[in-house]
Structure formats: structure tokens, C-alpha cells
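Work through the exercises below with the model open. Try each task before reading its solution.

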Amino acid sequence: MKRFLAYLVSALALAEVVLVLASWLLSATMAGNVRSLLGSEGVRWFFGGFTTMLASPWLAWLVLLALAGGCLWHSGIASIRLPLSSLPYRQRVALRTALVLMVIYVAAVLALTVVPHAVLLSATGRLFPSPFSRAFVPIVSFGVLLVSVSYGWASGTFRSFASIVSAMSAGIAAAAPLFVLYVVVVQFCESLRFVFF
């Protein structure tokens, strides 16, 4: 997977270079309404808007999912095998604790979305689009974090807050290639939009 992502990032970086040169050539020949990335407007756009281009909900979702995934993996809950009766007593208790907290969390989310005039519904009472639909990934991520931390703490996998933070950091480290891909994809798409639209 890492090799595939490396090839994909390399291909997109090469496509960005080709786009920069093509925009310069096409704008020099006055072909349509093409803006050059090498002109003064293009350079100002690139340097002035780079962080704005990257700051999107997609980046926040990627961070939250990486944190939740790392915690899920390192808590040990992802490696539970059936039958559950074969698990040691402490892990069975930890699993019950995590399931109870998950049910409470799902019930709280349902209370905020399903009942009439719920807080997370839109002004017209719809679920999509609504504050709930915009916060769906954070809601799922926080639920996974809650279940993973509770299981890890009760089972003894997480013995301190430092171990929880370490598990979250491991999720970020595992998702690091996706962050590189995100930067390259966003930059290429925004460059295409600047040049041609």
C-alpha cells in the first residue's frame, strides 16, 4: 500500500509540474481563458492561498479518523476473536464496559437527531443536510475513541494517559502517507481550478 501511495504521489507531483509548464505555455499563446501559474497572479495565488487550500473539513476528518484508528488498534479491541467465552475474564469485563458505553453514546446521538425538533437536525427537520451530516465523521471518531479507550483502560492495555496518547499518535504515524497524498491531491486540484476555471 505504501508503495502504491508513493507512486500515486509521484505521479501527481509530476502532473503538477506539467500543469505549471502547460499553463505558462497556454497563457503565452493566448489560448482561451487560461491563467499561468508562473505569472505574478499565479505566484501570489500559490503563496497567499496555500494554507487556505489545505484547511478543509477533509483534513480534519483525516486527523480524527487516524486518531480513532490508532486508539482502536492499540486498545486490543480490534483483535478480539470469537468465541467470546474463550477470552480471559478481564477482557470480557472490558468488552462489556465498552459495549455499555457504546450503547449510551449511540442513544445520546439518537436523542440529538431522531426525536422531533432535535438539536442536530436542520431548520427544516431533515437529517441530510444538517449539523449532524456535517459532524458525522467527528461523531463516529469520538464514538470509536470512547469505546477503544474504555476497553483499553478496563482490559489493562492502556495503563496511563500517556499510553492513550501514544496509541493516538501511532494512528497519526500510520496515516502519514495519506497526509502526504492529501496535500498533493488538494494542490493539484486547486491548481487545475485556478488555471482553467
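**Exercise 1.** At roughly what angle do the axes of helix 3 and helix 7 cross, and within what distance do they come?

Some ground rules come with the solution. This is a predicted model, in which local features need pLDDT of at least 70, side-chain atom pairs count only at pLDDT 80 or more, and totals for chains, interfaces and linings use all residues. Residues are numbered from 1 along each chain as its sequence is written, and side-chain values use heavy atoms, with hydrogens and water left out.

*Step 1.* Helices are DSSP runs (H or I, at least four residues), numbered from the N terminus. Axes are lines fitted to C-alpha atoms over the stretch in contact, with angles from 0 to 180 degrees between N-to-C directions.

*Step 2.* The axes of helix 3 and helix 7 (residues 161-174) come within 7 Å and cross at roughly 120°.

*Step 3.* Helix 3 is therefore oblique to helix 7. Angles under 35 degrees count as roughly parallel, over 145 as roughly antiparallel, 65 to 115 as roughly perpendicular, and the rest as oblique.

*Step 4.* List the contact (heavy atoms within 4.5 Å). Helix 3 supplies Val-63, Ala-66, Leu-67, Gly-70, Cys-71 and His-74. Helix 7 supplies Ile-164, Ala-167, Met-168, Ala-170, Gly-171 and Ile-172.

**Exercise 2.** Describe how helix 3 meets helix 8.

*Step 1.* The two axes come within 11 Å, crossing at roughly 175°.

*Step 2.* Helix 3 and helix 8 are therefore roughly antiparallel.

*Step 3.* Trp-58, Leu-59, Leu-62 and Val-63 of helix 3 make the contact with Leu-178, Phe-179 and Tyr-182 of helix 8.

**Exercise 3.** Are Leu-65 and Ser-141 buried, partly exposed or exposed?

*Step 1.* Apply the cut-offs: buried is under 20% relative accessible area, exposed is over 50%, and partly exposed lies in between (1.4 Å probe, protein chains only).

*Step 2.* Leu-65, in helix 3 (residues 57-75), is partly exposed because its relative accessibility is 44%.

*Step 3.* Ser-141, in helix 6 (residues 136-155), is buried because its relative accessibility is 1%.

*Step 4.* Now check the pair. Leu-65 and Ser-141 are 76 residues apart along the chain, yet their C-alpha atoms are separated by 5.8 Å. Not counting residues up to four places away in sequence, Leu-65 touches Val-137 and Ser-141.

Terms used. Helices (H or I, at least four residues) and strands (E, at least two) are DSSP runs, numbered from the N terminus.
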